[in-house]
Amino acid sequence: MAGGFQDDGDDTISSINVTPLVDVTLVLLIIFMVTTPMIMKPSINVNLPKAASSDQSAQGDLQITITKVGEIFANGKKVSEDELKTLATDLSTKNPDAQAMISADRETEHGVVINAIDIIKTAGIKRFAINIEKKQ
């Protein structure tokens, strides 16, 4: 056989089949895209009031968020007023210089915010800050 090619099967494979690699990579990408929203920590949407004179304040030891319907969240977890008082009391006994950061929606009733401030102050936390958004 002149000029012909004979394949005896003993040659080593010198090329990589890329198709299975691409398939596995795409499947992994889809898995990550589907599971990422489940892993991500859900956030609490609050429209903060705006003010021209805002200072950069340090993050508080107790993060309190109040939604426009009056729901209270402490460190990202929904709590009742009694649970908030317990958290604030525990924090103030561990750290007498603890600070609370209050983030309230601009449509929240004033009385709900004052009630939250009263709860943390009677629990022993004397330092607190109200989170606002800086006007442009």
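**Entry 1: one leucine**

I began with Leu87, which lies in helix 2. The model is a predicted one. A residue is called buried under 20% and exposed over 50%.

Next I looked up what Leu87 touches. I set aside its neighbours within four places in sequence, and found contacts with Ala74 and Val79. I also checked Asn75, 12 residues from Leu87 along the chain. The C-alpha atoms of Leu87 and Asn75 are 9.9 Å apart.

In what order do the five strands of the open sheet stand? I read 4-3-2-5-6, with mixed pairing. Strand 4 (77-79) and strand 6 are the edges, and each pairs on one side only. On average, neighbouring strands of this sheet are turned by 30° against each other, direction ignored.

I then followed strand 2. Four of its five residues are buried, so I noted strand 2 as mostly covered. Strand 2 pairs with strand 5 in the parallel sense, over five bridges. Strand 2 and strand 3 run antiparallel and are joined by three bridges.

Thr65 stands opposite Ser103 in strand 5. In strand 3, Thr65 has Phe73 as its bridge partner.

I looked at the hairpin of strand 2 and strand 3 too. Five residues lie between the two strands. Gly70, in this hairpin, takes a positive phi near 95°.

Strand 5 and strand 6 pair in the parallel sense over four bridges. Ala100 stands opposite Phe128 in strand 6.

**Entry 2: helices on the sheet**

Which strands does helix 2 lie across? I found strand 2, strand 3 (72-74) and strand 4. Helix 2 runs at about 110° to strand 4. Helix 3 also packs on the sheet, where it touches strand 2, strand 5 and strand 6. The direction of helix 3 makes about 160° with that of strand 2.

**Entry 3: helix 3 by itself**

I checked the length of helix 3 (residues 110-122). At 1.5 Å a residue, its 13 residues should span 18 Å. Its end C-alpha atoms are 18 Å apart, which agrees.

Which residues of helix 3 are buried? I listed Val113, Ala116, Ile117, Ile119 and Ile120. They cover an arc of only 160° around the axis, which puts them on the same side of helix 3. The face turned away from that buried side carries the exposed residues His110 and Thr122.

I then asked what the buried residues of helix 3 pack against. The partners are strand 2 (62-66), helix 2 (81-94), strand 5 (99-104) and strand 6 (127-130). Just after helix 3, I noted Gly124 with a positive phi of about 115°.

**Entry 4: the core**

Nonpolar side chains tend to be buried together in soluble globular proteins. I looked for such a group here. The largest nonpolar core has 20 residues. Which of them touch the most other members? They are Leu62, Ile64, Ile66, Leu84 and Ile120. Strand 2, strand 3, helix 2, strand 5 and helix 3 each give two or more residues to this core. Helix 3 gives the largest share, five residues.

I finished on Ile120. Residues up to four places away in sequence were not counted. Ile120 touches Leu62, Ile64, Leu84, Ala88, Ala100, Ile102, Ile125 and Phe128.

Notes. Residues are numbered from 1 along each chain as its sequence is written. This is a predicted model: local features need pLDDT of at least 70, side-chain atom pairs count only at pLDDT 80 or more; totals for chains, interfaces and linings use all residues. Side-chain values use heavy atoms; hydrogens and water are left out. The expected span of a helix is 1.5 Å times one less than its number of residues. Buried means under 20% relative accessible area, exposed over 50%, partly exposed in between (1.4 Å probe, protein chains only). The arc is that of the directions from the helix axis to the C-beta atoms. Contact means heavy atoms within 4.5 Å. Two strands pair if DSSP finds at least two bridges between them. Axes are lines fitted to C-alpha atoms, for helices over the stretch in contact, and angles run from 0 to 180 degrees between N-to-C directions. A nonpolar core is a set of buried Ala, Val, Leu, Ile, Met, Phe, Trp, Tyr and Cys residues joined through side-chain atoms within 4.5 Å.
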